[in-house]
Amino acid sequence: MNGLDTNILVCYLVQDDLKQGRFAAEYIQQVKASGETCFINNIVLCELVWVLKSSYKLSRSEIIDVLEKILRTDAFDFENREAVWWSVQQIKKGKADFSDYLIMKLNEQAGCSETATFDAKLQEVEGIQILN
């Protein structure tokens, strides 16, 4: 397994710099051809969403599409695929950001009985304690 940094994943997905995009695609293809996968950790996913939203101005639905596509790609492995899929499903119906849902799910999986936050966008999620 070979880890990917956010900038490699962004170049691979966006292809706005042809040279870097080609390098990223070739690297991922080489890793896959060798029978290995490229590892994408939770921080990289959160940074990816932030970059796609802030720098590339992708809409919420476009970001959801990107996340679903990479989750379905057999070239990639994830730190916690289950939590990522759950978070993607939550951003489809909720108002909070991907990273907020991922934090909540990872806390739950770690044994936390609740996650405290000031973010009212998470009020619909079970296991959230809104402090006010």
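1. Starting with α6: this helix has twelve residues and spans 16 Å from first C-alpha to last, close to the 16 Å expected at 1.5 Å a residue. The expected span here is 1.5 Å times one less than the number of residues. Helices (H or I, at least four residues) and strands (E, at least two) are DSSP runs, numbered from the N terminus.

2. Some ground rules before going on. This is a predicted model, so local features need pLDDT of at least 70 and side-chain atom pairs count only at pLDDT 80 or more, while totals for chains, interfaces and linings use all residues. Residues are numbered from 1 along each chain as its sequence is written, and side-chain values use heavy atoms, with hydrogens and water left out.

3. Which residues of α6 are buried? They are F98, D100, Y101, L102, M104 and K105. Buried means under 20% relative accessible area, exposed over 50%, and partly exposed in between (1.4 Å probe, protein chains only). The buried residues of α6 pack against α3 (42-54), α4 (60-72), α5, β4 and β5 (128-130); contact means heavy atoms within 4.5 Å. After the helix comes G111, which has a positive phi near 105°.

4. Leaving aside neighbours within four places in sequence, F98 is in contact with L45, C46, V49, L67, V84, S87, V88 and I91. F98 also turns up, with L45, L67 and F76, among the residues with the most contacts inside the largest nonpolar core, which has 34 residues. Such a core is a set of buried Ala, Val, Leu, Ile, Met, Phe, Trp, Tyr and Cys residues joined through side-chain atoms within 4.5 Å. The elements giving two or more residues to this core are α1, α2 (18-33), β2, α3, α4, β3, α5 and α6.

5. On to the rings: there are two aromatic pairs in the structure. Rings of Phe, Tyr and Trp (its six-membered ring) pair if their centres lie within 6.5 Å; planes under 30 degrees apart count as stacked, over 60 as edge-to-face and the rest as tilted. Y12 and F76 make an edge-to-face pair, 5.9 Å centre to centre with 80° between the planes. That pair links distant parts of the chain, 64 residues apart: Y12 is in helix α1 (residues 6-14) and F76 in strand β3 (residues 76-78). Y12 is partly exposed at 26% relative accessible area, whereas F76 is buried at 2%.

6. The other pair is W86 with Y101, also edge-to-face, at 6.3 Å centre to centre and 75° between the planes. Here W86 sits in helix α5 (residues 81-93) and Y101 in helix α6 (residues 98-109), 15 residues apart. W86 is partly exposed, with a relative accessible area of 22%; Y101 is buried at 0%.

7. Now the sheet. Three strands form an open sheet in the order β1-β2-β3, with parallel pairing. β1 (2-3) and β3 are at the edges with a single partner strand each, so one side of each has no neighbour in the sheet. Two strands pair if DSSP finds at least two bridges between them, and two bridges join β1 to β2 (residues 38-40). G3 stands opposite F39 in β2.

8. Last, T117. This residue lies in strand β4 (residues 115-117) and counts as buried at 17% relative accessibility. Not counting residues up to four places away in sequence, T117 touches L122, I128, Q129, I130 and L131.
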